[in-house]
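Please read it beside the model.

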Amino acid sequence: MNIIVIGGGKVGYYLAKTLLEHGHYPTIIEQSKATCNFIANDLDIPIICGDGTSIETLEAANIKGSDALISVTGKDENNLISCQLAKKMFDVRKTIAKVNNPKNAQVMKQLGVDIVISSTNNIVHLLEREVDTSMIKQLVSISHGEASICEVNLPDNYALNGKKLHEIKLPNMCVVISINRDGSIIIPRGDTELKSKDTIMLMIKNDTTHDIKRLLKIEN
């Protein structure tokens, strides 16, 4: 996914680094030139030195081609404005704002921010579950949110068409529950083949989502 991160402080820096490690394409917007230089020397990603509440700066960050915007500055009002601009001006699918004052969380939601979070520890996993749902759809959250039952729709001309499950080597924390093929349910075994247009039911631990997409070759 192409993701704009507004705020290049510790939170924004480590968030962008983690997103990069997960195979996403972050762009950072940061006002401090010194911070921009530090990040540019450490991470091979686009850095825009500017104000994340400015339309011109957002356009310079290629917001029109972005899947999500995450604003993690130290000012709640700036995080709100950035998310509102992304949503209303540029039709960004998902906006996420870090809230520094928990009292502002409800207001932000009412004003259109999709996800408001006061702790940044789970931003990446929230993003992957909430934004990138065109291929993996979470149906039920289980074990206090640690795992999920998900549905995967395999595309036409699927890259692994005819591949057997035992050949794919999915993570240990992933179980293929069933396969729906042309309206018929298949209880899979290791030698069961995947076919284009199959609908697969999985039980997964949420922190394996990215690995599963990569191994199943269903990344957008």
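1. Tyrosine 13 is buried, at 9% relative accessible area. Buried means under 20%, exposed over 50%, partly exposed in between (1.4 Å probe, protein chains only). The model is predicted: local features need pLDDT of at least 70, side-chain atom pairs count only at pLDDT 80 or more, and totals for chains, interfaces and linings use all residues. Residues are numbered from 1 along each chain as its sequence is written, and side-chain values use heavy atoms, without hydrogens and water.

2. Tyrosine 13 and phenylalanine 38 make a tilted aromatic pair, 5.7 Å centre to centre with 50° between the planes. Rings of Phe, Tyr and Trp (its six-membered ring) pair if their centres lie within 6.5 Å; planes under 30 degrees apart are stacked, over 60 edge-to-face, the rest tilted. This pair links distant parts of the chain: tyrosine 13 sits in helix α1 (residues 10–21) and phenylalanine 38 in helix α2 (residues 33–42), 25 residues apart. Helices are DSSP runs (H or I, at least four residues), numbered from the N terminus.

3. The whole structure holds two aromatic pairs. Tyrosine 13 and tyrosine 14 have ring centres 4.8 Å apart and planes at 75°, so they are edge-to-face. Tyr13, Tyr14 and Phe38 form one cluster.

4. Helix α8 (residues 209–216) buries Thr209, His210, Ile212, Lys213 and Leu216. Down the axis of α8, these fall within an arc of 165°, so they line one face. The arc uses directions from the helix axis to the C-beta atoms. Lysine 217 follows α8, with a positive phi near 55°.

Conventions:
Helix = DSSP H or I, 4+ residues; strand = E, 2+ residues; numbered from the N terminus.
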